[in-house]
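Q: I'd like to learn how to read helix packing and a few other features in a model like this one. Could you walk me through it?

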Amino acid sequence: MAVDAVVDCFAGQPFSVGPAYRIDPGKRNQAEAFDDEGFRNPDIALTDAQLLTNINAVQRRQNLPQSPSLTSFVTRDAKGRAVPAPAAYLKNMAAAAPLHLDVEMETGTGKTYCYIKTMFELNRRYGWSKFIIIVPSIAIREGVAKSLSITAEHFTETYGKKARFFIYNSKRLHELESFSSDAGLNVMVMNIQAFNASGKDNRRIYDALDDFQSRKPIDVIAANRPILILDEPQKMEGKATVEALPKFRPLFIMRYSATHRTEHTKIHRLDALDAYNQKLVKKIQVRGIALKGLTGTTAYLYLEGIETVGRGKGGPFARLEMEIKDTTGTIKRRLKRLKFRDDLYDLSGGLDQYRDFVVSQIDATADTVEFTNGITLKAGEAYGDLSERDIRRIQIRETIRAHLEKERQLFAQGVKVLSLFFIDEVAKYRDYSRDDQNGEYARMFEEEYAEAVALVLAELPLDEAAWRKHLEAIPVAKTHDGYFSIDKKTKRLKDPEVGARSTDSDDSDAYDLILKNKERLLSFDEPVRFLFSHSALREGWDNPNVFVMCMLKHSENTVSRRQEVGRGLRLAVDRFGDRLDHPATVHDINILSVIASESYTDFVAGLQKEIAESLSARPRKASQAFFVGKQLHTPEGPVTVTDQMATQIHRYLIKHDYIDDADQITDTYYTAKAEGTLAVLHDDLVPYQAEVFSLIDSVYSDAALPKFEDGRKPKRNPLNDNFHKGAFQELWSRINRKAVYRVEFDTAELIQKCISALNSELRVTKLQYTVQTGIQSDKVTDEQLRGGTGFSVTRNETVQAASARSAVKYDLLGKVSEATDLLRQTVAQILTGIEPAIFDQYRANPEHFISEAARLIKEQKAGHLIEQLVYDPIDERYDADIFTAAEIGQDFSRATERLKNHVFDYCITDSGVERDFVGELDTSAEVEVYAKLPRGFLIPTPVGDYNPDWAIVFRAGAVKHIYFVAETKGSMSSLALRDLERAKINCAKKFFAKLAEESPTPNVRYGVADSYNKLMEIVTT
């Protein structure tokens, strides 16, 4: 539409190849001059009245305000109100060109592509061939040149020709000569500093140059009557730029921006709201960091988030960072997973500042945790006397976490994920006084990244081996880099010069990898995934695969939130360069996570305000007068809204409370629209229903602004109608019984089995420490002294500690008893019965001894108990709320596509085996409904609670029974885990056998299957 809007303004313009003219020969002899021809753009053959008629037709087609003339310029004040443009501006614009066309396009929607395509269309339709793209900065200039390069083949296939383009350089004026003398499509790219700055090189464009046959470059440019394309014109309204434009003698001017400061003749609008609703940009979620608590508070807490379902046991749980004192007395900050009634004093190792902190409530709906002392924390809030350094570390951690979550989801799809940090100054990232040259933020990043990746790898299922290999292959030092200006003398990064006359870097080499080598940055062969750059980075820098953005800086007004967020709004591409823009999944994949330097509430409010201000040109009232004369686009052609139709639309809105007394759109309308329950229009308007609603949507309302999610709250996975089917409710009523188990066993036999297992299998790792010997260098520089590198290591020795923790007292019997659920007396008999050499390992490493002994005893206990196990169902039942609790807090990186037979819209699988199993269940003619049971559904066993996987209902006639089936996990990584799982499965068999005894018809059976074929074998036997 943007391309057609421009081209159609000149409907009726005859096609004409630019007339030849003699290029200014300068001081050359006349014989040479006649051989030097140029080809300029043909003049506009239309009258002003014809142009205005065409423009008004284009504006009506898009329901934009009608321009009364070709020179109706309007400037907007700080509140978005229209005011007349200054007289000096009007004078210069009138002198520059008779026609100025505004194309409003939101950041990230393909603005550069659109005006490149527009050049080709203008050339094809009318023969115009000389274009100059003027940009306000080097970054935008490099980005435009890159776009021209990478789209060259694409446009050659469409139009059968290539555009010759170059970046204007006053020292390479032979390119300007070719621009003038070539009859094909020619494009010059230049930044405003080339003609509006006072520097010697910048002023060459106006000077008669000896190396250019004493000609002025600006005269040669002007002779071509070029069409000017201003990219981000709101950055080019300074006095010097405005006064310079008439010197180009442009045929007309096109202006492309998301935020026009001065409005000329607007012929196309794709604003922030349109772009979001049409899913042309990424969806935004925000993770804010807020401080809470009085200055001087010593207790440190940071609530990372709430888990609604825990592993192995029902939630919710709170992920909370706090200070922990270990057995050596060292205090470190650690992330803990808290449940109801947890005492932070105990968890901290007895730190007094946590004495009154006991968890009294965890609210998954409100994302809060409350303590008995009355303090309540919301996800993203930090409590205590925190330094700015603490906040920055939290932000970096959240960024890495969000990055890994997104990367895990998209790696298999061939989509590289990038994260961008905005910082204030180079010194915080690059410290040249250190050996590794890492500044404070780089050191924080490497520490947090190493810890985060280690945690991910420890929990990663085996079927994600490819991503595991990718993570393990990237050194932490290679996966981040800084993008700033480069000092040409020292070759070191430096802060860009940012001021009134410059919008980003003053060095064209600052962003080579980002701007010139986008393909390499998007390749998995390039290890860089995290980018640190200056907060002044603005228009011109963007990469489609920025999925996470972190503001490691103070809030300030020099760069708006919308500008910053705009760097990551472009829809992502895969490894082939294809955009991920399928309408059904575009916002499942394209989500930009913003880690803000302020609270979620403050950041979102500020961003919403900026978006609202950008929509100031939208109509505010859905009055009857608003609808009259608007065009509805139908397959049969445009239909103009009559007075009668406008009355019907207005009455419809009043009748259903979709507008208020002031004719403003209400929340009721947007709620009904989101839920798909909008009332049907009057009979006469039904054929135009979609177009009418689109017209209503064009009216501004605060309720229409995009809703930014909290990145800590994953999207919901709602229950659907399958859950309420009678067949599934029947199955659920038969399996939701709770039970207790009892068992009688021979304690003496268990003791002997445990002793034998410990003697043969208990092996404890001894503690070690390293002794390093070093000597001071003969000559030590000041830099070595500051960096602590004045010594060199001459010897390393690893020594095993005989009893490094001999001073620490452990309740050995109590710890093992607690871990195994055995009496202290029984544990004592086991430990006193093992061989002395085996027990001596306790002194070498008490913690490892306790954990290994407990594990081996639990395994022996499990096998011994199961034979004598008896379940007794009780009256208490699991409530259906455990399904509701599972609607949120799930990892959608492992979600299947939308399903037809599952009780949830999505099924979150744990392995490739489960994914294949779901595919078979959902397409099977025998299966009526099935459920991946929520983690809150637990069967008690002597070796820990057990969560079966599947509840399946077969269609009547297919089989005689309703079956309940559990599947063995495909991600067990060790023999010990497999043995433990096998023991739980054996317990579950007894549990369901007991249920079958009490409710024999219809029978509920339990089996183990690792495929659909195996399931059917169980079903049919």
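Q: What is the handedness of the crossing where H27 passes H33?
A: A crossing is left-handed if the near helix is turned anticlockwise from the far one by less than a right angle, and right-handed if clockwise. Here H27 passes H33 in a right-handed crossing. On the H27 side, the contact (heavy atoms within 4.5 Å) uses Glu749, Leu750, Lys753, Cys754, Ala757, Leu758 and Glu761; H33 brings Ala853, Leu856, Ile857, Gln860, Lys861 and His864. Sorted by class, the contact of H27 with H33 has seven nonpolar, two polar and four charged residues. For the classes, Ala, Val, Leu, Ile, Met, Phe, Trp, Tyr, Cys and Pro count as nonpolar, Asp, Glu, Lys and Arg as charged, and the others, Gly among them, as polar.

Q: Before we go on, what kind of model is this?
A: This is a predicted model, where local features need pLDDT of at least 70, side-chain atom pairs count only at pLDDT 80 or more, and totals for chains, interfaces and linings use all residues. Residues are numbered from 1 along each chain as its sequence is written, and side-chain values use heavy atoms, with hydrogens and water left out.

Q: At what angle do H27 and H33 pack?
A: Two packed helices are described by the angle between their axes and the distance between the axes. The axes are lines fitted to C-alpha atoms, for helices over the stretch in contact, and angles run from 0 to 180 degrees between N-to-C directions. Helix H27 (residues 747-761) packs on helix H33 (residues 846-866) at about 140°, with the axes 9 Å apart. H27 and H33 are therefore oblique to each other: angles under 35 degrees count as roughly parallel, over 145 as roughly antiparallel, 65 to 115 as roughly perpendicular and the rest as oblique.

Q: Which residues of H5 and H6 meet?
A: From H5 come Thr112, Tyr115, Ile116 and Met119, and they meet Val144, Ser147 and Leu148 in H6. That contact of H5 with H6 divides into five nonpolar, two polar and no charged residues. As for geometry, H5 (residues 111-126) and H6 (residues 138-150) pack at an angle of about 55°, their axes 10 Å apart, so H5 is oblique to H6. The crossing of H5 and H6 is right-handed.

Q: How many helices and strands are there?
A: Helices (H or I, at least four residues) and strands (E, at least two) are DSSP runs, numbered from the N terminus. This protein has 37 helices and 39 strands.

Q: How many disulfides turn up in a search of the whole structure?
A: A disulfide is a covalent bond between the sulfur atoms of two cysteines. With a cut-off of cysteine sulfur atoms within 2.5 Å, the search finds zero disulfides.

Q: Is Cys907 buried or exposed?
A: Buried means under 20% relative accessible area, exposed over 50%, partly exposed in between (1.4 Å probe, protein chains only). Cys907 has 0% relative accessibility, so Cys907 counts as buried. Cys987 is buried as well, with a relative accessible area of 0%. Of the 1021 residues of the protein, 53% count as buried.

Q: What is the phi of Ser214?
A: Ser214 has a positive phi of about 60° although it is not a glycine. Ser214 sits in the loop between helix H9 (193-196) and helix H10 (217-222). At 24% relative accessibility, Ser214 counts as partly exposed.
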